[in-house]
Amino acid sequence: LDFEDPSIYRDLSKPMGALNDDRAVQFRERYDSLDSIVQGEYDPPPFHYGTHYSTSAYVLYYLMRLEPFSRLALALQGGRFDVADRLFHD
């Protein structure tokens, strides 16, 4: 691995969804399709990436059985735990 070779590095001027032309088109189409169905003021705005943007949410998910994380998870979810089938499974 040659760290001096610029071709091994990602272009940080572009977001992850635009690393190549195919991905850029895919995420642009997703955004446009969501933009066309937004109807009311309570609808979420269109987005390019559907994953959660916050690593703190991941931490709360894994540690929610411990305080203070359970309290923080409740605050993140609007005062209620998420659906049990999405939270806990074998």
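Student: Which residues does I8 touch, not counting residues up to four places away in sequence?

Tutor: Good place to start! This is a predicted model, and in this model I8 touches L1, D2 and F3 once residues up to four places away in sequence are left out.

Student: Where is I8 found?

Tutor: Look at the segment before α1, the helix that spans 21–37. I8 sits in that segment.

Student: How many Å separate the C-alpha atoms of I8 and D82?

Tutor: They are 41 Å apart, and the two residues lie 74 residues from each other along the chain.

Student: How is a pair of aromatic rings described?

Tutor: We use the distance of the centres and the angle of the planes. Searching the whole structure turns up one aromatic pair. Its members are Y61 and Y62, with 5.0 Å from centre to centre and 80 degrees between the planes. Planes over 60 degrees apart count as edge-to-face, so the pair of Y61 and Y62 is edge-to-face.

Student: What is the relative accessible area of Y61, and what is that of Y62?

Tutor: Y61 is partly exposed at 33%, while Y62 is exposed at 67%.

Student: Which residues does a cis peptide bond join?

Tutor: Find E67 and P68: the bond between them is cis, with omega about 5 degrees. P68 lies in the loop between α2 (55–63) and α3 (69–76).

Technical notes: Residues numbered from 1 in each chain as written. Predicted model: local features only at pLDDT ≥ 70, side-chain atom pairs only at ≥ 80, totals over all residues. Heavy atoms only, no water. Phe/Tyr/Trp six-rings, centres within 6.5 Å; stacked < 30°, edge-to-face > 60°. Buried < 20%, exposed > 50% of the residue type's maximum accessible area, 1.4 Å probe, protein only. Helix = DSSP H or I, 4+ residues; strand = E, 2+ residues; numbered from the N terminus. Contact = heavy atoms within 4.5 Å.
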